[in-house]
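I opened my notebook to look around a protein, one step at a time. Come along and check each entry against the picture.

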Amino acid sequence: MDNLSAQQKLMGNMQATSAELLSGIMDERGRGFASDREAWAQLKENIENVESRMKAIKEVHKDMWSAVKDHNGDAFCALAGEFQRSAILLAMEWTNASVLANIAVLHGEDE
């Protein structure tokens, strides 16, 4: 396992997190969602959150570029921290969306 790259380890961690999240949501809700529509509605809401967060990240990126052009290292460092935090939250949102999609599809098969 030590010969795996950092990216491979991250992918494995994300897959394990997805499986754990799926199991947790299914345990919380019993069989899943009250209806197929509820599952798809929650997935749609989550994707809207992803789109909103992505717009915010693009704005931070634009501000970072402005800081570079203005030679403002302090602003750049602060914005880089915000970019990293936002990117981590975006990865979390996408992971959640993938789990919700899985639940929506699985729930549809149970019907």
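**Entry 1: the overall layout.** How many helices and strands does the protein chain have? I counted 3 helices and 0 strands. Helices here are DSSP runs of H or I with at least four residues, strands are runs of E with at least two, and both are numbered from the N terminus. Read from the N terminus on, the elements go α-α-α.

**Entry 2: ground rules.** I am working with a predicted model, where local features need pLDDT of at least 70, side-chain atom pairs count only at pLDDT 80 or more, and totals for chains, interfaces and linings use all residues. Residues are numbered from 1 along each chain as its sequence is written, and side-chain values use heavy atoms, with hydrogens and water left out.

Entry 3: I looked up how much of the protein chain is buried: 23% of its 111 residues. Buried means under 20% relative accessible area, exposed means over 50%, and partly exposed lies in between (1.4 Å probe, protein chains only). The accessible surface of the chain comes to about 7,900 Å² by the Shrake-Rupley method with a 1.4 Å probe. Carbon and sulfur atoms hold 56% of that surface.

**Entry 4: the core.** Which residues make up the largest nonpolar core? I found 7 residues: L22, I25, L43, A97, V99, L100 and I103. Such a core is a set of buried Ala, Val, Leu, Ile, Met, Phe, Trp, Tyr and Cys residues joined through side-chain atoms within 4.5 Å. Two elements, α1 (6–29) and α3, each give two or more residues to this core. Helix α3 gives the most, with 4 residues. I also noted a general rule: in soluble globular proteins, nonpolar side chains tend to be buried together.

**Entry 5: V99.** Contact means heavy atoms within 4.5 Å. Leaving aside neighbours within four places in sequence, I see V99 in contact with S18, L21, L22 and I25.

**Entry 6: T95.** I found T95 in helix α3 (residues 73–110). Is T95 buried or exposed? T95 is buried, because its relative accessible area is 11%. Its side chain reaches the backbone oxygen of A91 at 2.8 Å. Beyond its neighbours within four places in sequence, T95 is in contact with M14 and S18.

**Entry 7: V68.** Helix α2 (residues 36–69) holds V68. This residue counts as partly exposed, because its relative accessible area is 36%. I then saw that W65, V68 and F76 make a nonpolar surface patch of about 280 Å².

How values were computed: Polar contact = N/O pair within 3.5 Å; in protein donor to acceptor, adjacent residues only side chain to side chain. Patch = residues over 30% accessible without salt bridge, like charges linked within 9 Å, V, L, I, M, F, W, Y side chains within 5 Å. Salt bridge = Lys/Arg side-chain N within 4 Å of Asp/Glu carboxyl O.
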